[in-house]
Amino acid sequence: MKKLWIIGLIIMCFAFKPVEPGDDTMCNQKNTSFKAGEEFELTVYYSVAGIYVNAGNAKVKTTLTHLNNRPVYHVTALGNSNSSYDWIFKVRDVYESYIDTATMQPLKFVRKIREGSYKRNEDIAFNKQTNTAVTNKGVYKVPDCVQDVVSSVFAARSIDFSKYSEGDKIPFEMFLSNELYHLYIRYLGKEKIKTRFGTFNAIKFKPLLIKGEMFKGGEKMTVWVSDDANHIPLRVQSPIVVGSVKVDLTGYKNLRYPLSAQIKD
């Protein structure tokens with residue numbers, strides 16, 4: 001389980017392969033899916049021989065605040081390995097994004113990774129007047145429509161998937177680790193999914209991953225979100241170099257809408 005970046009996995013493990021830029025679905029996006037005060041919890045399961053064990057958890061919380069005199073959503077995601085695994089590989093990750101409420105574009109991104117002996121700190125300030133990203137490594141030119149790893153997930157939650165057919169790609173651009181990526185998710189339609197939290201009507205899609213230390217390349221990872229106005233993450237599942245991982249929704253509160261995608265037993 002070395003270098004199982006819990007938060008990175010939950011937010012679709014953005015180690016994507018660059019692709020050509022496409023439409024502007026993720027630009028000038030209006031928030032139609034969440035509100036300040038929303039919280040949800042997810043559990044990470046790891047499997048080697050087909051038996052999943054509880055390896056860690058994540059908590060995601062959204063509040064309303066101000067940054068540079070602009071109202072922003074402050075999204076905080078905390079990822080931890082279970083205490084019983086800390087002696088093997090301790091994970092304490094923090095991701096934060098400050099998202100302009102009017103444009104759903106990030107103004108600031110913070111990442112603090114503590115995974116075993118590995119540590120990484122990243123601070124990005126997005127200057128919308130100069131279209132630059134200012135980091136602790138320098139100043140980088142970015143397009144006027146760009147996401148960070150957290151804001152991209154929350155912007156994607158407001159996509160109107162009814163406009164797409166199965167197999168369509170939905171592109172966007174993201175800045176991370178001092179690099180700009182042209183990315184996409186592939187829409188795969190709708191299906192019912194049974195989780196430990198219940199059975200749901202879900203929207204299904206896949207991101208394109210680069211083969212690396214942890215993940216196999218190609219469209220191996222699958223993501224399901226609720227097929228209702230919330231588009232809350234229900235499950236992320238992917239094979240990895242050794243075994244597989246699965247992330248399931250295990251708790252929520254203060255959703256913007258009732259979780260109508262859940263099927264009553």
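The following conversation concerns side-chain contacts in a predicted model.

Reader: How many disulfides does a search of the whole structure find?

Author: The search finds one disulfide. It is formed by Cys27 and Cys145, whose sulfur atoms are 2.1 Å apart.

Reader: What is the handedness of that link between Cys27 and Cys145?

Author: The link is left-handed, with -110° about the S-S bond.

Reader: Is Cys145 buried or exposed?

Author: Cys145 is buried, at a relative accessible area of 12%. Cys27 is partly exposed, at 22%.

Reader: Turning to charges, how many salt bridges are there?

Author: A search of the whole structure gives seven salt bridges. One of them joins the side chains of Glu39 and Lys253, at 3.9 Å from N to O. This pair links distant parts of the chain, with Glu39 in strand S1 and Lys253 in strand S14, 214 residues apart.

Reader: Which residue forms a salt bridge with Arg235?

Author: Asp248 does, and the closest N and O atoms are 2.6 Å apart. Arg235 belongs to strand S13 and Asp248 to strand S14, 13 residues apart. Both residues are buried.

Reader: What about Asp227 and Lys190?

Author: Their side chains also meet in a salt bridge, at 3.5 Å from N to O. Asp227 is in the loop between strand S12 and strand S13, while Lys190 is in strand S10, 37 residues apart. Asp227 is partly exposed, with a relative accessible area of 27%, and Lys190 is exposed, with 54%.

Reader: On to the rings: how many aromatic pairs does the structure hold?

Author: There are eight aromatic pairs. Among them is the pair of Phe197 and Tyr252, which is edge-to-face, with 5.7 Å centre to centre and 70° between the planes. Phe197 lies in the loop between strand S10 and strand S11 and Tyr252 in strand S14, so this pair ties together parts that are 55 residues apart in sequence.

Reader: Which residues form one aromatic cluster?

Author: Phe34, Tyr73 and Phe154 form one.

Reader: Which residue lies over the face of Tyr45?

Author: Arg196 does, at 4.4 Å from the ring centre.

How values were computed:
Residues are numbered from 1 along each chain as its sequence is written. This is a predicted model: local features need pLDDT of at least 70, side-chain atom pairs count only at pLDDT 80 or more; totals for chains, interfaces and linings use all residues. Side-chain values use heavy atoms; hydrogens and water are left out. Rings of Phe, Tyr and Trp (its six-membered ring) pair if their centres lie within 6.5 Å; planes under 30 degrees apart count as stacked, over 60 as edge-to-face and the rest as tilted. Helices (H or I, at least four residues) and strands (E, at least two) are DSSP runs, numbered from the N terminus. A charge sits over a ring if NZ of Lys or CZ of Arg is within 6 Å of the ring centre and within 35 degrees of the ring normal. A disulfide is a pair of cysteine sulfur atoms within 2.5 Å. Buried means under 20% relative accessible area, exposed over 50%, partly exposed in between (1.4 Å probe, protein chains only). A salt bridge is a side-chain nitrogen of Lys or Arg within 4 Å of a carboxyl oxygen of Asp or Glu.
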